[in-house]
Amino acid sequence: MMRRFVILLIGLIVLALALPALTFDDTSLQKTTFVAYGDMPYRVTLSDGRTDEAVLKEDIVPAIQQREDIPFVIHVGDLSRPEYACNDEFLYEVKDLWENEIQKPVFYTPGDNEWTDCDRQYLPNPQSEIERLAVIRQIFFSEPKSLDPQWQYEQNKDLPENELWVYNGVLFVTEHMVSTDNGRDEILLDDPQVVLTLVEQRDQANKQWLDHAFEIAKSKDIKAVVIASQLDPFGPEDGENNAFTRCTNNAAYKEFCKQVQTFAINVKKPMLFVYGDTNAYCYDQPFDVELGANIWRLNTPGDFKYIDASVVSYDPTNSEQPFEVTGLLSGESPPQVCDYN
């Protein structure tokens, strides 16, 4: 009897000593923080006399690099205006800035300014949009990122610019969708039929990629989902339609919005859609609350208007407002109304 008592006592002591360690290592209740920005630098002069490029390099990048609570960055495309972004040398400069100055993983989803718009006649050297996309893939996506296996990183085999990863139970996924009806408009130098065929293939690959991400998101280990893309599928208020209806009225993007909403209704996990492309810096819930109460959207700063980056935190303990957004430099919350003026 005494021997059993001693064994039980030792077991209780071991358990008591182990409990603090288990509590300390538990990440399920930790906040997950990252930075998102896009549509800069456009090399425009601001009211203080500096350019947005100077603010990016002198203020935003050092702030990201120094913040220990920021493990990675999402860039939602439009690296600059087409005059600069359609240039190999500029793209390598951007890559160097990310790797040697930010020094943290940057997950980038291409914008129209760096490929679909490169054939515009106002440019000094109009180029094939198909060729520019091939250059982007070679420079930024020719090799998968080297990340800790715990991130569960994947790169799409058909669209290498589409990536997904998991951090602290939050699933992140990028979708290569751009404005110009996702590349259907203003095909000026390439064979239109070839381009449109590639667009359809990209649409299908995007749908399959998001379905794949949503299958992962069904796991009980996934607490929330963040989707990042370049395009703004919503547009300004028109007095008649809500944001979801404005998206579904656009043939190029309606299937994406339906896919996101269907998953949100069925799975009921917090979802954040992060994008750029327009100057309507804002953070709100764009869908009808009854059909998408767990969906939020963030139109990141940039695009001449608000020169900053967004610090986004997911708090698993806050069911009503799981995502918090503030300006990296300003510390202020984004507008709750999307102003396209």
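Rings of Phe, Tyr and Trp, the last represented by its six-membered ring, are taken to pair if their centres lie within 6.5 Å. In this predicted model, a search of the whole structure on that basis finds 27 aromatic pairs, and one aromatic cluster is formed by F34, F72, F107, W151, W165, Y167 and F172. Aromatic rings also meet charged side chains here: the charged end of R43 sits over the ring of Y84, 4.2 Å from its centre, while R297 lies over the face of F234, at 4.9 Å from the ring centre.

The sheet to examine next is an open one of seven strands, which follow the order β4-β5-β6-β7-β8-β10-β9 with mixed pairing. Because β4 (154-155) and β9 (282-284) stand at the edges and each has a single partner strand, one side of each is left without a neighbour in the sheet. Further in the description of this sheet, β8 (residues 271-275) and β10 (residues 295-299) pair in the parallel sense over five bridges, and L272 stands opposite W296 in β10.

Helix α9 (residues 254-267) packs on the sheet, where it touches β7 (224-228), β8 and β10, and its direction makes about 155 degrees with that of β8. The axis of α9 also comes within 11 Å of that of helix α7 (residues 192-217), the two crossing at roughly 10 degrees, which means that α7 is roughly parallel to α9.

Key: Residues numbered from 1 in each chain as written. Predicted model: local features only at pLDDT ≥ 70, side-chain atom pairs only at ≥ 80, totals over all residues. Heavy atoms only, no water. Phe/Tyr/Trp six-rings, centres within 6.5 Å; stacked < 30°, edge-to-face > 60°. Lys NZ or Arg CZ within 6 Å of the ring centre and 35° of its normal. Pairing = 2+ DSSP bridges. Helix = DSSP H or I, 4+ residues; strand = E, 2+ residues; numbered from the N terminus. Contact = heavy atoms within 4.5 Å. Axes fitted to C-alpha atoms, helices over the stretch in contact; angles between N-to-C directions. Parallel < 35°, antiparallel > 145°, perpendicular 65-115°, else oblique.
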